[in-house]
Amino acid sequence: MNAETRRTVRERADDRCEYCRLRQDHAPLWRHQIEHIIPRKHRGTDDPGNLAWTCVRCNLSKSSNLSGIDVETAQTVELFNPRKQTWWEHFDYVGAEIIGLTPTGRATVAVLNMNEPRRLQLRQELLDIGELD
Ligand SMILES: [Zn+2]
């Protein structure tokens, strides 16, 4: 991955995780990363159209997953694709919690463990100071 591609992906995302929306400047200890939406093991490429900017926790949780199970319908659905889908159509905040509005949103929240207690606590602290946007 060359520096130009990394810069393109980071700037396109406004230096914010494209899954949980955590801004890099709110996660100073862990640098955000390039994520392959379709992982290399599934023949995903380094084309910017297959890349997303993610926080470490989302990237580690997504790993090579392409799908998850919607808790409401018990159906297997593809995970959120930030290159093809719009965050606010699939997710919203209820307080500091990220909720899925669609089967894809709910499956992605679950697989990426978006409301793990420490992550929720950080978003609550950001919400409390008016920095959760
Ligand atoms: Zn994230």
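How many nonpolar, polar and charged residues are in the lining of the second largest pocket? Hold that thought, everyone, and let me start with the ground rules.

This is a predicted model, where local features need pLDDT of at least 70 and side-chain atom pairs count only at pLDDT 80 or more, while totals for chains, interfaces and linings use all residues. Residues are numbered from 1 along each chain as its sequence is written, and side-chain values use heavy atoms, with hydrogens and water left out.

Let's begin with the metal. The zinc ion is coordinated by the SG atoms of Cys17, Cys20, Cys55 and Cys58, at 2.3 to 2.4 Å (donors are N, O and S atoms within 2.8 Å of the metal, or 3.2 Å for Na, K and Ca). Along the chain, these donors follow the spacing C-x2-C-x34-C-x2-C. Cys20 and Cys58 are both buried, meaning under 20% relative accessible area with a 1.4 Å probe, protein chains only.

Now, back to my question. The second largest pocket has a volume of about 270 Å³. A pocket here is an open set of points on a 1 Å grid over the protein atoms alone, where a 1.4 Å probe fits, with protein on both sides within 12 Å along at least five of seven lines; lining residues have an atom within 4 Å of a point. Of its 15 lining residues, Ile37, Ile38, Glu78, Leu79 and Asn81 are the closest to the centre. And the answer: the lining of this second largest pocket has 5 nonpolar, 6 polar and 4 charged residues. For those classes, Ala, Val, Leu, Ile, Met, Phe, Trp, Tyr, Cys and Pro are nonpolar, Asp, Glu, Lys and Arg charged, and the others polar.

How values were computed: Grid points are joined across faces, edges and corners, and a volume is the space filled by probe spheres set on the points. Buried means under 20% relative accessible area, exposed over 50%, partly exposed in between (1.4 Å probe, protein chains only).
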